[in-house]
Amino acid sequence: MADAPAVPAGTTPSVPAGTGLAPDPVPDPAPTPTPAPAPPLDLLRFHSDDNPLDTGTDRWLKEGLAAALPDLRMTALFEARPDLFRSTEHLVVCTRADGRPVAALGASWASTAAAERFLHIGIQFVDRDLRGGAAFSSSWLALLEQVVATAEFPRINVLRTYNPVAYCAMRAYGQLPGAVLYPDPRREQRDARLGELASRVADAVAPGAPFDRRCGRISGIGVPTDLYRARPTCDDPAVNDYFRRHTRPGDRILCMVHIRSSETVTTILDGFTRRLGRSRGSGDPSTSTSAASAVPAT
């Protein structure tokens, strides 16, 4: 009988099909490398009455965000609106461990001529490398907590934007049961009451500006007109197409969520908490009420 061919030590010879013998073991796949955690983040909370921005902190924030958002003409924005941050009622700033600001979210209460109170989200900036992560979730949760602690949960939430990503952030909870979203391109049947409310809100946030309630466009209110160096896009082609069809530089879409159910309020807060928990593996934002430890002395 002929000798079997030599097999190198530590290997298993191949087995022809149909022999009834066990096939070669399949080697385990190479382990997937674990991504390095992102730098930890911290939160600073400001309030126009209780903990306002001073001049040095305002300058620090503007310089930091101008560096963190090169896709926006931030310097031109701050020249046109020098009181943008200091005039905001509620402001949350997200910073890295070294004290650099990487995100800011701000909102103020406002009312329509019919005395309908709403929260106007007038500031929403996130470092382009951190969008969709812990900086966004933790800032939103901190802002809502601060608003609720000083007043009540906002049943009407409003922002004006040229950015489909900001619209999608509103849509995430505007399509929950008990809430209605404006505008909603996927709805064939428009809510007439919501359109009328949108008209009153648009008049409050942009008095005298042309408003098309069919699509939510407020024309020509963007300052500066060329704030965005390129048209921003999101992951939803339908939303991108909606913004392309209905806006040009300088226009803004009025985005609004009207929450009509108390259960939806709980769902929204729980949703941000869960999302923040998932994000904490890439940076654990903590909270503070003073900027003294993070803002360089001036």
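This is a predicted model: local features need pLDDT of at least 70, side-chain atom pairs count only at pLDDT 80 or more; totals for chains, interfaces and linings use all residues.

How much accessible surface does the protein have, and what share of it belongs to carbon and sulfur atoms? I get about 15,900 Å², with 52% belonging to carbon and sulfur atoms; areas come from the Shrake-Rupley method with a 1.4 Å probe, and for residues only the protein chains shown count as cover.

Residues are numbered from 1 along each chain as its sequence is written, and side-chain values use heavy atoms, leaving out hydrogens and water.

**Overview.** I find seven helices and ten strands (DSSP runs numbered from the N terminus: H or I of at least four residues for helices, E of at least two for strands). Of the 298 residues, 46% are buried (under 20% relative accessible area, with exposed over 50% and partly exposed in between; 1.4 Å probe, protein chains only).

**Strand 1.** I checked residues 41-47: seven of the seven are buried, so strand 1 is largely enclosed by the rest of the structure. Leu41, Leu43, Arg45 and His47 point one way, and Asp42, Leu44 and Phe46 the other. I see strand 1 pairing with strand 2 (residues 90-96) in the antiparallel sense, over seven bridges (pairing takes at least two DSSP bridges). Phe46 has Leu91 as its bridge partner there.

**Thr264.** I found Thr264 in helix 7, residues 262-279. Thr264 counts as buried because its relative accessibility is 2%.
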